Amino acid sequence: FFVMIRRPPRSTQSRSSAASDVYKRQVYTYDKMKLEEKYGKEATITLLRPGISAALTSCILLHPLWVVRIMSMIDLKEGLKARNFFHYFSLVYKTQGLRGFYTGINLSFLLSSEFTIQMYIYEALNKYLKNQSEDN
């Protein structure tokens, strides 16, 4: 029971969320490094902007994959025969064009603020704890 609390079962772990985390971390690290060179480690923009850019970049890159994934899940629920990824990808492109891949991205942008807030709090606490350890 306690092992399940620490780590969710494999069936609930999503590969696409793991890819999202990788993209977010890479963009976050790169942006933070560039901002620290320009503004220094103490600037508020150094704490806030990397989280925003990482979350938005992840949304823009991965949202088309989420749209295709949801379409395939709907077909499976309706009892239709499962098709491959490229079938759904071409179906969205033929019926709705490029815009079809980004339907509903507004909600994804709103939900991406969670990552920004988490990283801002993490960086602020990290800075606070480092200052506390230096004072002692």
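Q: What pattern does the protein chain follow when read along the sequence?
A: Helices (H or I, at least four residues) and strands (E, at least two) are DSSP runs, numbered from the N terminus. Here the protein chain reads α-α-α-α-α-α, with six helices and zero strands. This is a predicted model, in which local features need pLDDT of at least 70, side-chain atom pairs count only at pLDDT 80 or more, and totals for chains, interfaces and linings use all residues. Residues are numbered from 1 along each chain as its sequence is written, and side-chain values use heavy atoms, leaving out hydrogens and water.

Q: How many residues does helix 3 have, and what span does it reach?
A: The expected span of a helix is 1.5 Å times one less than its number of residues. Helix 3 (residues 44-77) has 34 residues and reaches 47 Å from its first C-alpha to its last, close to the expected 50 Å.

Q: Where in helix 3 does a kink lie?
A: The bend at a residue is the angle between axes fitted to the seven residues ending there and the seven starting there. In helix 3 a kink of about 45° lies at Leu 62, shortly before the proline Pro 64. After helix 3 comes Gly 79, with a positive phi near 90°.

Q: At what angle do helix 3 and helix 6 pack?
A: Axes are lines fitted to C-alpha atoms, for helices over the stretch in contact, and angles run from 0 to 180 degrees between N-to-C directions. Helix 3 and helix 6 pack at about 150°, their axes 8 Å apart. That makes helix 3 roughly antiparallel to helix 6 (under 35 degrees is roughly parallel, over 145 roughly antiparallel, 65 to 115 roughly perpendicular, the rest oblique).

Q: How many aromatic pairs are there?
A: A pair of aromatic rings is described by the distance of the centres and the angle of the planes. Rings of Phe, Tyr and Trp (its six-membered ring) pair if their centres lie within 6.5 Å; planes under 30 degrees apart count as stacked, over 60 as edge-to-face and the rest as tilted. The count comes to four aromatic pairs. The ring centres of Tyr 28 and Phe 115 are 6.4 Å apart with planes at 85°, so this pair is edge-to-face. Tyr 28 lies in helix 2 (residues 15-39) and Phe 115 in helix 6 (residues 113-135), so the pair ties together parts 87 residues apart in sequence.

Q: Are Tyr 28 and Phe 115 buried or exposed?
A: Buried means under 20% relative accessible area, exposed over 50%, partly exposed in between (1.4 Å probe, protein chains only). Both Tyr 28 and Phe 115 are buried.
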